[in-house]
Amino acid sequence: MTRVVAEADIVAFAQVSGDENPVHLDAEYAKGTSFGERIAHGMLSGAYISAVLGTRLPGPGAIYLSQALTFRRPVRIGDAVTARVTVKALDERRGRVTLETVCEVDGRAVVDGEALVIAPRKPA
């Protein structure tokens, strides 16, 4: 899944999450940081991973059990973030799937990690 990060996405994420860190919302403040400009919340990229898990793989009905994330690079307004998940292990008996997760901008990881989910069961 690929999403282009818009200013409105950052503002909406701040409102929904309550994370109003000025590095995300205040251009003047952000100029004085090591990033030199506003950046998106790291967890916005985490939400893109969640969207892939809940809509594509494993898909509707998947239940998150855990997610480890490492933030590699900042995401800026206008960046196209591609979220990918890859099955790493499957426990068919318990219906659990371990997935490698990554978000990339221009082919470079901005966030990566591993998720554990309960996969939806198909009706018999």
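**Entry 1**

I started at glutamate 114, which at 34% relative accessibility counts as partly exposed; for me buried means under 20% relative accessible area, exposed over 50%, and partly exposed in between (1.4 Å probe, protein chains only). I was working with a predicted model, where local features need pLDDT of at least 70, side-chain atom pairs count only at pLDDT 80 or more, and totals for chains, interfaces and linings use all residues. Residues are numbered from 1 along each chain as its sequence is written, and side-chain values use heavy atoms, with hydrogens and water left out.

Which residue does glutamate 114 meet in a salt bridge? I found lysine 88, at 2.6 Å from N to O. The pair links distant parts of the chain, with glutamate 114 in strand 5 and lysine 88 in strand 3, 26 residues apart. My salt bridge criterion is a side-chain nitrogen of Lys or Arg within 4 Å of a carboxyl oxygen of Asp or Glu. Helices (H or I, at least four residues) and strands (E, at least two) are DSSP runs, numbered from the N terminus.

**Entry 1: The other salt bridges I followed**

I counted 6 salt bridges in the structure. One of them joins arginine 76 to glutamate 37, with the closest N and O atoms 2.6 Å apart. Arginine 76 sits in the loop between strand 2 and strand 3, and glutamate 37 in the loop between helix 3 (27-31) and helix 4, so this pair ties together parts 39 residues apart in sequence. Both ends are partly exposed: arginine 76 has a relative accessible area of 24%, and glutamate 37 comes to 37%.

I also looked at glutamate 104 and arginine 84, whose side chains meet at 2.7 Å, N to O. Glutamate 104 belongs to strand 4 and arginine 84 to strand 3, so the pair ties together parts 20 residues apart in sequence. Glutamate 104 is partly exposed at 22%, and arginine 84 is partly exposed at 43%.

**Entry 2: The chain as a whole**

I then stepped back to the overall layout. The secondary structure comes to 4 helices and 5 strands, running β-α-α-α-α-β-β-β-β from the N terminus on. The C-alpha trace spans about 55 × 25 × 20 Å along its principal axes. Buried residues make up 32% of the 124 residues. Taking contact as heavy atoms within 4.5 Å, I noted that among contacts between residues at least 6 apart in sequence, 59% join residues at least 24 apart. The chain exposes about 7300 Å², and carbon and sulfur atoms supply 51% of it; accessible areas come from the Shrake-Rupley method with a 1.4 Å probe, and for residues only the protein chains shown count as cover.

How many residues does helix 4 have? I read 14, at positions 42-55, with a reach of 21 Å from the first C-alpha to the last, close to the 20 Å expected at 1.5 Å a residue; the expected span is 1.5 Å times one less than the number of residues. Its buried residues are Leu44, Ser45, Gly46, Tyr48, Ile49, Val52 and Leu53. These pack against strand 1 (2-4), helix 1 (7-17), strand 2 (63-71), strand 3, strand 4 (96-105) and strand 5 (108-118).

Of its 22 residues, Val5, Ile49, Leu53, Val75, Val81 and Cys103 touch the most other members. Helix 1, helix 4, strand 3, strand 4 and strand 5 each give two or more residues to this core, and the largest share, 5 residues, comes from helix 4. Leucine 53 touches Pro58, Leu99 and Val117, among others, leaving aside residues up to four places away in sequence.

**Entry 3: Backbone details and one histidine**

I checked two backbone spots. The peptide bond from leucine 57 to proline 58 is cis, with omega near 5 degrees, and proline 58 lies in the loop between helix 4 and strand 2. Aspartate 106 has phi near 55 degrees, a positive value in a residue other than glycine. Aspartate 106 is in the loop between strand 4 and strand 5 and counts as exposed at 77% relative accessibility.

Is histidine 24 buried or exposed? I found histidine 24 buried, with a relative accessible area of 6%, in helix 2 (residues 22-25). Among the residues that histidine 24 touches are Ile10, Asp19 and Arg38, not counting residues up to four places away in sequence.

Methods: Core = buried A, V, L, I, M, F, W, Y, C linked by side-chain atoms within 4.5 Å.
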